[in-house]
Amino acid sequence: MLSSINILKFMRKLSAIFALIFIVLHLQAESLALIFDSAESPFARAALNGANDALKELSLRYKTPLSIANLTPQNALLTAETQALALDKAKLSGARGAIVFPINDGNNILSSKIEKLSDSVFYTSLISVDLSKSSRLCAILKDEEKFLDNFENVVLKKSKSEIFELLIILKGDTEAKISEEEAAQLLPQNIKISEIKVIGKKVKIVYYKCRFFSMLQEKFRKELKDLDAYGIIFAEDSVLQNMSKIEDDLDRAFVLCMGISPYMSEYLESGKVELCSYDDFYGYGYLSAVKLVEKIFENKNPNKEVEYIAPLKYNKKDLKRFHGDWIKFLR
C-alpha cells in the first residue's frame, strides 16, 4: 500500500507531466492548408510560397512555428465535392484554417462545408473566386477595374477601324467558332463574360475555341487572312502551352493574353504577345495567411471581408521582372 508521502510524490510527478504536455501543445506548430483548383497549376505553388513567406514573419510575431501544406486532391478532375472532402481532411489533420481557390459551386456543396467548418473554429480564405454565401473569413480577389484597364486601353487605342473584330480565344475540345453563350461556359471561372464585353464594348467580338492555337490557325487560316483589321485576346494561356507559333499578319493590331504562365516569356520576348495580365496568386497567398493567423491567434476579423489587389501585368520591357517573379513563385 502506498504511503501518503509516495502518493504526494506521484501526484507531483503527474502534475509535472501535465504541465509538460501543456507546454508542448502550446508550442506545437499551428498549420494551414492550401486547396487549389488544380493540383498541377504553377499558381498553386505561387500561392503556397506567398503564404509561406507571410508565415515566416508571423511565426516571429506570435513566437509559434507556423506552416502550410498543399492538400489539393490529385484527381485529374476536381469538383466542389472533392474540395469539400479536402477541407475535411485538412481539419482532421489538425489544420486551423485553409486557403481555397474554389471550383464552381453551383450546388453549394463547398459553401455548406465552409459554413459547417466555421462553426468548428476552422477558418477559410477564398482566393480569386468568392463564394459570398459560404461564411468564409475573407475573400482576396483581383481588382477588376485595373484588370480590365490593362486590356481595354490597348483595344481602344488600336481598334480605330469600323470593321475591327476582337477575337477571343478559349480552351475547348475542338476548333470552332462559338456563340457568346458557349463562350461564357468555357471561360475560366475567374474570368467573367461581362469583363470580355467591357473590354470589347467598342468593337465586334467573335469567340473561338480550340485545343491549341496552332490548330485553330490551321483550320481557320483563310478566315484569319481575310480579316482586314482585328486583334486577339487569349482568355487563358493554356491554348499556347504547346508553344504554338503565332503567325505574322499585318492586319492584326495586337495579341493580348489573360494568363502569365512561365512559357509566356518567349511570346513577350518575341513581341508576338504585347501584354499579359492575370491574378496575383502570390499576393493572395500572403494576405490570406496573414488574415487567417490573426484570426486564429487574436480572434481578429479582417478590416475588409473582401479585399481587392492589383493583377500582375507584363510586357516586353518587364521580362526581367517576369523572370524574377516566377523564380519567387516556384522556388
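Modeller: Let's start where helix 2 stops: the next residue is Lys63, and its phi is positive, near 55 degrees.

Colleague: Thanks! Before we go on, what sort of model is this?

Modeller: It is a predicted model, in which local features need pLDDT of at least 70 and side-chain atom pairs count only at pLDDT 80 or more, while totals for chains, interfaces and linings use all residues. Residues are numbered from 1 along each chain as its sequence is written, and side-chain values use heavy atoms, with hydrogens and water left out.

Colleague: What does the protein average in pLDDT?

Modeller: pLDDT is the predictor's confidence in each residue, from 0 to 100. Here the protein averages 91, and 91% of the residues score at least 70. Residues 16–27 stay under 50, and the model has one contact (heavy atoms within 4.5 Å) beyond four places in sequence for them.

Colleague: Back to helix 2, then. How many Å should its residues span?

Modeller: Helices (H or I, at least four residues) and strands (E, at least two) are DSSP runs, numbered from the N terminus. The expected span of a helix is 1.5 Å times one less than its number of residues. Helix 2 has 21 residues, 42–62, so it should span 30 Å; its end C-alpha atoms are 30 Å apart, which agrees.

Colleague: Now the empty spaces. How do I read those?

Modeller: Rolling a probe the size of a water molecule over the atoms shows where empty space is left. On a 1 Å grid over the protein atoms alone, a cavity is a set of points where a 1.4 Å probe fits but cannot get out, and a pocket is an open set with protein on both sides within 12 Å along at least five of seven lines; lining residues have an atom within 4 Å of a point. Points are joined across faces, edges and corners, and a volume is the space filled by probe spheres set on them.

Colleague: How many cavities of 30 Å³ or more does the structure hold?

Modeller: It holds two. Helix 9 (221–226) is among the elements that supply at least two of its lining residues, and helix 9 gives the most, three. Six charged residues, four nonpolar and one polar line this cavity.

Colleague: And the second largest cavity?

Modeller: About 30 Å³ of space lies there, lined by Glu30, Leu32, Leu55, Leu66, Ser67, Val293, Ile296 and Phe297. Strand 1 (30–35), strand 2 (66–70) and helix 11 (281–298) are the elements giving two or more of these, and helix 11 provides the largest share, three. By class, six are nonpolar, one is polar and one is charged.

Notes. Ala, Val, Leu, Ile, Met, Phe, Trp, Tyr, Cys and Pro count as nonpolar, Asp, Glu, Lys and Arg as charged, and the others, Gly among them, as polar.
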